[in-house]
Amino acid sequence: MAEPAERSGQRRVRPAALIFEPAEATADPEHFFDLESIEDPRELLARATELTLAFRAATDRAIEFQAIAAAQLADPRRFDRLTAAAVAERAEWTEDYARKMIEFGEGLLRTSGRDPEE
């Protein structure tokens, strides 16, 4: 489970821009963000590293938003709240992982000031 960069003491890395490609370019299975066309290994390493960092940052942010949504859906103050099992089924997680994500999301909501109880 990802931990927000602010709490782990790390500065959040600003990811490289992910440039969306035209449909005809993405139809080619060998085509990936134009990396296959880069001849210089130094440039290829630099751009591939930028993409790796961008995807990692995007994954971390997406996990945080998953956790927030899970916590909101399981909030006992909601009349239509979901159980951890229902959240797990919806997100295709195990029930144990859903409970951990709900707890993680509750912490994120508290620290962000978005929790109305705080």
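The model is predicted; local features require pLDDT of at least 70, side-chain atom pairs count only at pLDDT 80 or more, and totals for chains, interfaces and linings use all residues. Residues are numbered from 1 along each chain as its sequence is written, and side-chain values use heavy atoms, with hydrogens and water left out.

Helices here are DSSP runs (H or I, at least four residues), numbered from the N terminus. Asp40 caps the N-terminal end of α3. One of its side-chain oxygens lies 3.1 Å from the backbone nitrogen of Arg42. Buried residues of α3 include Arg47, Leu51, Ile63, Glu64 and Ile68 (buried: under 20% relative accessible area; exposed: over 50%; partly exposed: in between; 1.4 Å probe, protein chains only).

The structure holds four aromatic pairs (ring centres of Phe, Tyr or Trp, the last by its six-membered ring, within 6.5 Å; planes under 30 degrees apart are stacked, over 60 edge-to-face, the rest tilted). Phe32 and Phe33 pair edge-to-face, with centres 4.9 Å apart and planes at 80 degrees. Phe32 is partly exposed at 43%. Phe33 is buried at 18%. Phe33 also pairs edge-to-face with Phe55, at 5.7 Å and 70 degrees. Phe55 is partly exposed at 32%. Phe32, Phe33 and Phe55 form one aromatic cluster.

Conventions: Helix = DSSP H or I, 4+ residues; strand = E, 2+ residues; numbered from the N terminus. Polar contact = N/O pair within 3.5 Å; in protein donor to acceptor, adjacent residues only side chain to side chain.
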